[in-house]
Amino acid sequence: MKLSYFPGCSLKGLGRAYEESLLPVMRHLGVELVELDDWNCCGATAYMAVDEAKACVLAARNLALAEQSGRGQLMAPCAACYLVLNKTKHYFHDYPAMKATIDRALAAVGLSYAGDTAVRHPLDILLNDIGIEAIRQKVTQPLKGLKVATYYGCQIVRPYATFDDQYNPTSMDRLLEALGATIVRYPLKTKCCGGSLTGTVPAAGIRMVYILHNEARKRGADCIATVCPLCQFNLDAYHAQVRSEYGEVVVPTVYFSQLMGLAFGLPEKQLGLQRAAVPFRWRPAPPPHAHLTLGRNPVPAPTLPMVQLNPEIRIGFYVCHCGHNIASMVDCPEVAGYVGRLPGVVLSRDYKYMCSDPGQELIQKDIAEFQLNRVVVASCSPLLHEHTFRAAVAAGGLNPYLFHMVNIREHDSWVHTDRQEATAKAKALARAAIRRATLARALPERQVPINPAVLVVGGGIAGIHAALTLAQAGKHVWLVEREPSIGGHMARFDKTFPTLDCAACILTPKMSAVGSHPNITLWSYSDVVQVDGFVGNFTVKVRRRPRYVNEDLCTGCQECIGNCIYKEAKFPDEFNEGLGKRKPIHIPFPQATPQVVLIDPQVCLNFKRGVLTDRCKKTCVEACGDRKAIDFTQKEEVKEIQVGTIIVATGFKPFDVRRVPQYGYGTYPNVYTALEVERLVNASGPTAGEVILRDGRRPSAIAIIHCVGSRDKKTNRWCSRVCCMYSMKLAHLLKEHSGAELYNFYIDIRAPGKGYEEFYDKLNEEGVHFIRGRVGEVTDWAMIPEEEGKLVIRVEDTLAGVVRRIPVDMVVLATGLEPHADAQDVRRLFNMSCGTEGFFLERHPKLAPVNTFTDGVFIAGCCQGPRDIPDTVAQAGAAAAEALALIDRGFIMQEPNTAYILDDCSGCKSCIPLCPYTAIAFDEATGKAVINEALCKGCGTCVGSCPSGSIGQHLFEDDEVFSEIAGLLAAYL
Amino acid sequence: MKPSSAASLDTVGQTAQDRSDARDARDHRRSPLRIERTIKYESDRRVGFGREVMSVPGCEQLENCIQCGTCSGVCPLSIYMDHSPRQVMALTRADFRDEVLRSHTIWLCASCYSCTVECPQQIRITDIMYELKQRAISAGIYPRRFPIPVLAHEFTRMVRKHGRITELVLVIRLFLKTDWLAALGNWRLGLDLMRTGRFSLLTERIKHHGDIAKMLDAVDHPPGPAP
């Protein structure tokens, strides 16, 4: 392996021990380093502060030299050089002006840079090119018993994502562990060493050096291992200042490469260890015993049909201003004037709001007065108002399919910035529509009956409420829930804001109503796996997972649980977020609906890893006795049901807080998620409502951090809407249950709801602290004695204008709401759309909030976006009402966009397997295909695929489509 | 790029309003309560300053700041700052140029990039700090003998001349130009460096050192139309 090597000024100066140790180590591993010929200063930090462009030019000269050397990779061990070289490369690619400056400056000295050189850090090369194993093989003097604090500093991990994690880099840890060293947990591993401030503003710089030493010492480190010459210099050379101000806290600071050299058995003198002001001595253990751990057919191009202008065509054209939405970018009167002169147009108007009642009446009046037989409206998207205008045209006595709509808002005025060009585009779109409308045919509407049964997917509060509403109206409902019990997230909440009603008390009556309602078939522990058909007539397949208990026979007596062979509950309990324990046979929670137990085959002794072994004594079966409800042979079943409408209420997933490692979840046991705390304060929760921490202590100060996984471009951009309120609720409950001091850390308090602001007031009166500031980090290193053993919150109190450190015993992370991980699969299943953030998309954000783009499929609750319980229930009611409106009409009118077979069908049958609705059959008598109009959904697949072009489609006739294209391109033809 | 005297620092961007405030303050000096105006008038703004900063590569995202304070919360040096990084962002966006350029904050920034990677709006705060430092240096707004701009200045001079930095020479020049007494205070450090073989005053220089000046001049003089 051969690489270019960029030492940088420090490795030839104060940091020469780094070079002295790194070069022999790399050579020992078979890496040949060739020092870049005539390299210059990288343009580092101090230069950046004077002139960024010049700093980049300096760096670029080195990148150009490296490129010229023919070795594509440049190793830069100094953290500052590594960053500046990388930053320059980024700027070179991202900013054309910077690239031009660099090109010009390099040209002045006869150099050029193409932008290819890869800048590599030695750690990156060691771990990813050489590999831990190869390094382990070279170890002759393992660093057994050496405790190391690995200190990465700032610039190799920030700001660009490079070869290691930005928040918790581990490459050096893994490397040194392979050498036999013990790594101490060091929460300051990416903190700043003070940079040049040690020299320029010593009061600030020396203090930072002190903090780094002090924490390493407290954690028992024998040395601090570093990757940066400036870090090493600051930590090592200023030892005297640190000692005189802060006492004996100094720990030796070495380069990681020096430790590698020691482990490889290279002579100490060669490793520059003598250059440290604070000497590092390591006496290796005696050498270990001799074991090393070691083409389809071409279709003739269609000829553009000659449009035979029917003298009786009388088109009325309307261009809508849509207030300023269209008129500000499109000159509407000009478009109206232009279209008025096109053949066939007898009337052309522009009007402020065509969708308004007067606008619609205008169309009706004009049809009568001017004997219009075609109507074209240029306005917004057909998704919004095609239906409106078709109805208006029908009310005027014209067949609704003689109406055509042009979108000059979403497709034109909203997306363009040049008024002249946008107007020209509007004219072209209108011209195309006029040509198409000329050929439009009157079509009959189709009536299809609706199946009155409804499928509700998801048994949270939204699904429960929708199902009950429909059932009470006499409709049959299939309620399908993935979990063993309905209830969703609400069942896990302790209280609800702002009224502090007990969540279980208000929810469980509804749950048992669902369980006992004659019109509701509840299928829990089940998933929808396939959906076919269309509005009014869906065929749905549901997979029912085995719970190894017969639902019809189980009475919910739970005697089996008491008699399980496991005397103690010892498996994490899902309902209590793993804070409590359950047995293999269990019921999710006391009020679970259905009241049916289930067996977890992953842990039940009668199974081994989910496979039945029949080895258990089956004390549960004995306890069940004559009821005979337990059935170990139960298998997964797929059932098929017929429904007319579907309500999707699949809810949300709480944000995974491990994605924000700086808040310490998983590292510090006393950091909790909000949902865990809901269970912790609940009377039927794992601690019976007492606030006892994971380490057994009771907290005297608690921090609640808002916006975890919300309002953050690195995770989720949106506001999750409920976190401010539930954080306040939890603050109230935690204070009530523990008497602790409560701190809320928020960016903005969002309390827009009935009684919400008043609740905020109430909390202020209760003495809960509200600190406006997004928390930087949760850590456990202490600056002052009061912080010892505590979790420390570092935050700017932005209203007071000071940075504060606040020690607490417990941290609650107010997790945001996000779509389920499988939201995309569910979306495809029901043929819905998702917004960019992954929540299901409503048909219109204001006017059709529970409809989707698929007729007959409605959405409710948090699957559409974060919302609280009142809004969810309101939305579920709305979805149920929309479904009822469809059902009670008894039929739906279907767009007559079906395909039909023309006479020249050759009977090749190639269309038959392509039809997704199995609507095409082959007629042996005539030797041609036939389409069942009742089944055809008008997708057009067969039309496009017919090799002889002998399938037509209503509303999308070839001549209509081609004349529209010709109209669009008329200016160019 | 000459550092200003203390007097001129005080008069940077002075308005008629400032002068009248100064008069008021003098009148109040007899009172034990020392007061100073903190209210901002529209005339204190340098309209367009914020936009100008936001037009620099890397600084564009500033317009999205939601003032959450994450930058100050993670900044290891915010404890010493007169304006927290968050306040610097707000003042910059609101065009209070003089307030920003006079702030200690920009000089205390050690470029550790913590704020940049933590910012929920992905504002590259460190790059904005660099930009503000550059503006302060070119406007000459910093205290006399203040070491950081002097360091930056000496650094660039040395790079231009030799192509590389000889760290110790740089540090010694810095102390001579700012506070040579402080250099004496660091005698122990110097001794350590000598003892450990790191004390070298031999100037590092590249072969084609003339090239550096040529490149840097090419940055300053974009090719224009021939005269």
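**Close-up views of a two-chain model**

**View 1. Chain A meets chain B.** In this predicted model, 70 residues of chain A are in contact with 69 residues of chain B. Seen from chain A, several elements each supply at least two residues to the side that touches chain B. Among them are helix 1 (8–12), helix 3 (45–48), helix 4 (52–68) and helix 6 (96–107) of chain A. Helix 10 (197–200), helix 11 (202–218) and strand 35 (791–797) of chain A belong to the list too. Which helix of chain A gives the most to this side? Helix 4 of chain A does, with six residues. By residue class, the side of chain A that touches chain B divides into 34 nonpolar, 17 polar and 19 charged.

**View 2. Domains of chain B.** The domain assignment of chain B gives domain 1 (42–139) and domain 2 (147–220). The C-alpha centres of domain 1 of chain B and domain 2 of chain B are 28 Å apart.

**View 3. Domains 1 and 2 of chain A.** Chain A is divided into domain 1 (2–120), domain 2 (126–275), domain 3 (315–436), domain 4 (559–635), domain 5 (653–818) and domain 6 (899–953). This view takes the pair made by domain 1 and domain 2 of chain A. Their C-alpha centres lie 23 Å apart. The contact takes 23 residues from domain 1 of chain A and 26 residues from domain 2 of chain A. On the domain 1 side, the elements that give two or more residues are helix 1, helix 2 (16–28), helix 3 and helix 5 (79–94) of chain A. Helix 2 of chain A provides the largest share of that side, nine residues. The residues on the domain 1 side divide into 14 nonpolar, seven polar and two charged.

**View 4. A four-strand sheet in chain A.** This open sheet has the strand order 2-1-3-4, with parallel pairing. Which strands of chain A stand at the edges? They are strand 2 (32–35) and strand 4 (118–120) of chain A. Each has a single partner strand, so one side of each is left without a neighbour in the sheet. Neighbouring strands of the sheet are turned by 40° against each other on average, direction ignored. Look at one pair. Strand 1 (residues 2–5) of chain A runs parallel to strand 2 of chain A, and four bridges join them. A:Lys2 stands opposite A:Glu32 in strand 2 of chain A.

View 5. Strand 15 (residues 477–480) of chain A pairs with strand 18 of chain A in the parallel sense over four bridges. In this pair, A:Val477 stands opposite A:Ile520 of strand 18 of chain A.

**View 6. Two helices cross in chain A.** The axes of helix 17 (residues 357–370) and helix 18 (residues 382–395) of chain A come within 8 Å and cross at roughly 40°. That makes helix 17 of chain A oblique to helix 18 of chain A. The crossing is right-handed. Helix 17 of chain A brings A:Gln360, A:Ile363 and A:Gln364 to the contact. Helix 18 of chain A brings A:Thr388, A:Ala392, A:Val393 and A:Ala395. These contact residues divide into four nonpolar, three polar and no charged.

**View 7. Backbone exceptions in loops of chain A.** Most residues other than glycine have a negative phi, and most peptide bonds are trans.

- A cis peptide bond joins A:Arg158 and A:Pro159, with omega about -10°. A:Pro159 is in the loop between strand 5 (147–151) and helix 9 (171–178) of chain A.
- The peptide bond from A:Phe497 to A:Pro498 is cis, with omega near -10°. A:Pro498 lies in the loop between strand 16 (495–496) and strand 17 (501–502) of chain A.
- A:Arg609 is not a glycine, yet has a positive phi of about 45°. The loop between strand 25 (607–608) and strand 26 (611–612) of chain A holds A:Arg609.

Key: Residues are numbered from 1 along each chain as its sequence is written. Chains are lettered from A and ligands numbered from 1 in the order in which they are written. This is a predicted model: local features need pLDDT of at least 70, side-chain atom pairs count only at pLDDT 80 or more; totals for chains, interfaces and linings use all residues. Domain bounds come from an automatic or database domain assignment. Axes are lines fitted to C-alpha atoms, for helices over the stretch in contact, and angles run from 0 to 180 degrees between N-to-C directions. Angles under 35 degrees count as roughly parallel, over 145 as roughly antiparallel, 65 to 115 as roughly perpendicular and the rest as oblique. A crossing is left-handed if the near helix is turned anticlockwise from the far one by less than a right angle, and right-handed if clockwise. Two residues are in contact if their C-beta atoms, placed from the backbone, lie within 7 Å. Ala, Val, Leu, Ile, Met, Phe, Trp, Tyr, Cys and Pro count as nonpolar, Asp, Glu, Lys and Arg as charged, and the others, Gly among them, as polar. Two strands pair if DSSP finds at least two bridges between them.
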